Amino acid sequence: ELVSCVGWTTADELYSCSDDHQIMKWNPVTSETTRVVKLPDDVYPIDLHWFPRGIGGKKQSQAESFVLTSSDGKFHLISKLGRVEKSVEAHCGAVLAGRWNYEGTALVTVGEDGQVKIWSKSGMLRSTLAQQGTAVYSVSWAPDSDKVLYTSGKQLIIKPLQPNAKVLQWKAHDGLILKTDWNSVNDLILSAGEDCRYKVWDSFGRALYNSQPHEYPITSIAWALDGELFAVGSFNTLRLCDKTGWSYALEKPNTGSIFTISWSIDGTQLAGACGNGHVIFAHVVEQHWEWKNFEITLIKRRTMKVHNVINDAVDLLEFRDRVIKASLNYGYLVVSTSLQCYVFSTKNWNTPLIFDLKEGTVSLILQAERHFLLVDGGGLYLYSYEGRLISSPKYPGMRTDILNAQTVSLSNDTLAVKDKADEKVIFIFEALSGKPLGDGKPLTHKTEIVEIALDQKGLTNERKIAFIDKNRDLFITSVKRFGKEQKIVKIGTMVQSLAWNDTSNILCGIQDSRFTVWYYPNTVYVDKDLLPKTLYEKDASEFSKNPQIVSFVGNQITIRRADGSLVHLHISPYPAILHDYVSASRWEDGVRLCRFVKDQTLWACLAAMAVANKDMTTAEIAYAAIGEIDKVQYINSIKDLPSKESRVAHMLLFSGNTQEAETLLLQSGLVYQAIQVNINLYNWERALDLAVKHRTHVDTVLAYRRKFLEDFGKKETNQRFLQYAEGLEVDWNKIKAKIEMEVAKERERAAASPAVRT
């Protein structure tokens, strides 16, 4: 008889149920099949779902019980050994689907009677979430287990468990919807229907992908756990797709309709329940990894082929267990199998470093230049390329099963993780100690964050993080915060995808209909007006809708289009060379390079870099080259200032950091200069506050204020100024003499200070 449902307990054990009333147990490794139990003759199974494994902090290695729904209106809680613990009358007519939530605290069932019911772990009815006139064929939980997605004819409905909360409903297909799935890692929804199409949606009901119509209705669809792949089943058809919708592979097995697809926990294989009584097993092979001149392919479950495209050399890497995840970057290949982790250097493929894994299934590998991160169900583990465990960062409410490359980022000294409980928060850790960075407070944004990325080069205290929020705005901010509120600066809008360069701090992103490269994103902290001049922009219409940046290595950017094809782009190599010169303080070489290239963008980058590093001479040359004459004059005036403190303060002013400039002057005892800065900026009240507090130059402030009002033909209305101006005569000669004295004093101090002389 037809097989109606399948489900994995471990990565090597599958249970299947059929209309012949039998529950079978399969082991694809040893090819053993055993009968677990024969159900009563009136029980025709329809859907099966194993109780989730990681409950209450204790990680079970395998699931212990499952829910089985059947055509007689009941669901049955059945143990692994086949004992029926409980049978519950649930619906009038068949119970078409049953799903545990991610925590294992609730069960949702749907049936032919059009009802959606929520049950407790022990099978007690908690609530009837929805009632409708048509049968509900499929149901899925939201990643947070706070909403339920179910089908209603041609419509999809997302209903929160909270009463009176807003229900989202949209027409998804032109025929009956047969299957849905909602992934907890990428928050995307799949739907499959009798209109012979499958579709990908985001959690707001926006269509991200719409397949071509197939020959037959799509009878099953399922996400792999990590949300990178999904599988589609139809009559004699099994298809493997990328999360963006395009198809990797199409198989035409002799199966009849595939009614259910279930992925194994490690995401390496899947099983299908077939209409002709078969159970189909399929393994994912031929994944590709590319880096510089190396191309690596998983040719069998335990074998990788390494191809060096420069000399056409081919190496085969054999593993003891099947490969689960791999990553190739920064000259190393990191491979995790079901029990071990292998680290290969691209210089030597023969002697990998091997160490045993704690938990087992690795769900994510991230690499930086000096170390790499493994994420599994138990936590985050940072290893050196010598295989030493460096740290294991933890944060409150940590759920590692839902982390992916968009929500975790690693650099040589910092690890950033986007929180799930509060999507506006990014936790930032010191890589070497695993402790929270700085004052221990996470980075908080005003709206939900979608994607994060740390820059890879430069000094630790200049580390920057770029992130995209829910409105698709791109922001940049510094990772280190010394007690003061950090400026989060917006540098782009409608950004789809972003990536930092691996060797210099250049950021690229796809922005609306343009591909944009920010050659020196730090410009926003130095001279905001200069940022547009440091960008490279290119029309992105050739990349079609929703392209994703795969990598940004050297000066080559790889972009994956919506149809799955890869596009390689090359950008100018000069900005990266300029970054290298500046980090080595080779300013003259930088100027020479800009003169050779004769490019305004490069000059603008050099100007910003020079100001950031307080190199006035280079800044003056660069600003002159891009025609910013006012800034050249201001820099000239800074060079004439007598003391180092004044010069640094005016550089801070140049970058718009008024508060820091004033603090620096006051700490250096240059009170008059601090007052003068505020007068020049027309911060009259602050200037008066300082003068009164330090009991000096009150008359200077009042004199400049009066002159300012006279120039504009205005009368004084501010009470504080009127109060201090009472009975005060303004004598400009006196004030000028006082100012000259202050300047002379500053010169004397500068001459006496040994730091400045050296």
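## Strands β43 and β44

In this predicted model, strand β43 (residues 414-418) is joined by five bridges to strand β44 (residues 425-430), and the two run antiparallel. Within this pair, A416 has I428 of β44 as its bridge partner. Strands here are DSSP runs of type E with at least two residues, helices are runs of H or I with at least four residues, and both are numbered from the N terminus; two strands count as paired if DSSP finds at least two bridges between them.

Helix α3 (residues 587-597) has several buried residues, among them W587, L593 and V597, where buried means under 20% relative accessible area with a 1.4 Å probe and protein chains only. The cover over the buried residues of α3 includes α2 (574-583), α4 (600-612) and α5 (616-625). Just after α3, K598 takes a positive phi of about 55 degrees.

## Annotated region

An unreviewed UniProt entry places the feature "domain: IFT80/172/WDR35 TPR" at residues 602-748, an annotation that may be inferred rather than shown by experiment. This span, residues 602-748, is 76% helix and 0% strand, and its end C-alpha atoms lie 40 Å apart.

## Basis of the values

Residues are numbered from 1 along each chain as its sequence is written, and side-chain values use heavy atoms, with hydrogens and water left out. As the model is predicted, local features need pLDDT of at least 70 and side-chain atom pairs count only at pLDDT 80 or more, whereas totals for chains, interfaces and linings use all residues.

Terms used: Buried < 20%, exposed > 50% of the residue type's maximum accessible area, 1.4 Å probe, protein only. Contact = heavy atoms within 4.5 Å.
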